[in-house]
Amino acid sequence: NALLAAVGGKDKVVLDLSCRQDPARGGYYVVTDRWQKFTDVTVDEAVTQLSAYCAEFLVHGVDVEGMRQGIVEPLVELLAEKSPIPVTYAGGIRSLEDMELVKR
């Protein structure tokens, strides 16, 4: 709470989460260290638990980041279903149709 107070409150904070699908465990997980190290935190756990500390999430679908080969629809759907606060999705967008899917 002291950190949030120092930055002017949670309405001034956007948390950046990099996420990848883990084929071994199934599901999407938060990753670190240039997207190479999987944490034990699932995306749905992260957005549910961390939403109390920020106004918005910036979520990178790193499996497609920078490739312009399309979004990760299951990840976008998961974020729409689980996040109680706004989410900006980044990763793989190749067309206006992709942007419309994210917007919904």
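**Close-up views of a predicted model**

The structure holds 0 disulfides. Cys-19 takes part in no disulfide, and the nearest cysteine sulfur, that of Cys-54, is 13 Å away. The model shown in these views is predicted.

**View 1. The two cysteines Cys-19 and Cys-54.** A disulfide is a covalent bond between the sulfur atoms of two cysteines. In this model, the closest cysteine sulfur to that of Cys-54 belongs to Cys-19, and the 13 Å between them is too far for a bond, since the cut-off for a disulfide is 2.5 Å. Cys-19 is buried, its relative accessible area being 1%. Cys-54 is likewise buried, with a value of 0%.

**View 2. The hairpin of strands S1 and S2.** Strand S1 comprises residues 14-21 and runs antiparallel to S2, to which 3 bridges join it. Within this pairing, Gln-21 stands opposite Tyr-28 of S2. The two strands form a hairpin with 6 residues between them. In the turn, Gly-26 has a positive phi of about 75 degrees. Of the 5 residues of S2 (residues 28-32), 4 are buried, so this strand is largely enclosed by the rest of the structure.

View 3. Strand S3, formed by residues 37-42, pairs with S2 in the antiparallel sense over 3 bridges. Val-31 has Phe-38 in S3 as its bridge partner. Asp-33 is partly exposed, with a relative accessible area of 49%. Lys-37 is also partly exposed, at 48% relative accessibility.

**View 4. The salt bridge between Asp-40 and Arg-25.** Side chains of opposite charge can pair when their charged atoms come close. The closest N and O atoms of Asp-40 and Arg-25 are 3.2 Å apart, and the two residues form a salt bridge. Asp-40 lies in strand S3 and Arg-25 in the loop between S1 and S2, so the pair ties together parts that are 15 residues apart in sequence. Asp-40 is exposed, with a relative accessible area of 66%, whereas Arg-25 counts as partly exposed at 38%. Both residues belong to a network of salt bridges that also links Asp-22.

**View 5. The salt bridge between Lys-82 and Glu-81.** The count of salt bridges in the model comes to 6. One of them joins Lys-82 to Glu-81, with 3.8 Å between the closest N and O atoms. Lys-82 is partly exposed, at 34% relative accessibility. Glu-81, by contrast, is exposed, with a relative accessible area of 60%.

**View 6. A nonpolar patch on the surface.** The patch is formed by Ile-93, Leu-96 and Met-99. Together these residues have about 290 Å² of accessible area. Met-99 is found in helix H4, which spans residues 96-103. This methionine is partly exposed, with a relative accessible area of 45%.

Conventions. Residues numbered from 1 in each chain as written. Predicted model: local features only at pLDDT ≥ 70, side-chain atom pairs only at ≥ 80, totals over all residues. Heavy atoms only, no water. Buried < 20%, exposed > 50% of the residue type's maximum accessible area, 1.4 Å probe, protein only. Pairing = 2+ DSSP bridges. Patch = residues over 30% accessible without salt bridge, like charges linked within 9 Å, V, L, I, M, F, W, Y side chains within 5 Å. Areas by Shrake-Rupley, 256 points an atom, 1.4 Å probe, with all protein chains shown as cover. Salt bridge = Lys/Arg side-chain N within 4 Å of Asp/Glu carboxyl O.
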